[in-house]
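User: Please take a close look at packing inside this model. I would like one connected account.

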Amino acid sequence: MSLDQEVATLKRIPLFANIDTARLKLMAFASQRMVFRDGQALCRQGDAGDAAYIIIEGTADVLIPTDEGPLKVATVGSNDIVGEIAILIDVPRTATVQATGEVVTLKITKELFFRMVSDFPEIAIEVMRVLAHRLEKTNERLRAGRG
């Protein structure tokens, strides 16, 4: 994928939609394109959070361990960002994200992520929206499980 294609992909992600193209080129250039095979973990619960991943193609399951085995709490796909919680609050990964088929991502280091948030506060607002949406989905699931 060319740099221009990666920038076009980033522009489709709400988090980066309003960011200047030149800055997105810098971000795409500074990030690492990674491909994960079916069943391979993008990140594992408990690991240190050193990067976030933007999913360009494919889907992955978000899993947390239970006594009965892994529980799928979400499925993420194209244009989603994962792994940002661990880098935002400097805690170990809160879940395992496992590829379901081939998954193509852009890996954004903690340093690059914070530089982008510092330069563009609107990214921080969008991250808050993403996290609030996830919290609401979790609350819905918990309410449904008690009914």
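Analyst: Contact means heavy atoms within 4.5 Å. This is a predicted model, in which local features need pLDDT of at least 70, side-chain atom pairs count only at pLDDT 80 or more, and totals for chains, interfaces and linings use all residues. Residues are numbered from 1 along each chain as its sequence is written, and side-chain values use heavy atoms, without hydrogens and water.

Ala74 lies in strand β4, residues 69-76 (strands are DSSP E runs of at least two residues, helices H or I runs of at least four, numbered from the N terminus). Leaving aside residues up to four places away in sequence, Ala74 touches Ala60, Asp61, Val62 and Arg141. Ala74 counts as partly exposed because its relative accessibility is 25% (buried is under 20%, exposed over 50%, partly exposed in between; 1.4 Å probe, protein chains only).

Next come the nonpolar cores (buried Ala, Val, Leu, Ile, Met, Phe, Trp, Tyr and Cys residues joined through side-chain atoms within 4.5 Å). The largest has 24 residues, and Leu10, Phe16, Met27, Ile54 and Ile123 have the most contacts inside it. At least two residues of this core come from each of α1 (3-11), α2 (21-30), β3 (51-66), β6 (96-109), α4 (110-119) and α5 (121-146). Helix α4 gives the largest share, 4 residues.

Ile123 touches Leu15, Phe16, Ile19, Met116 and Val117, again not counting residues up to four places away in sequence. A second, separate core has 13 residues, including Val76, Val82, Ala99 and Val103.
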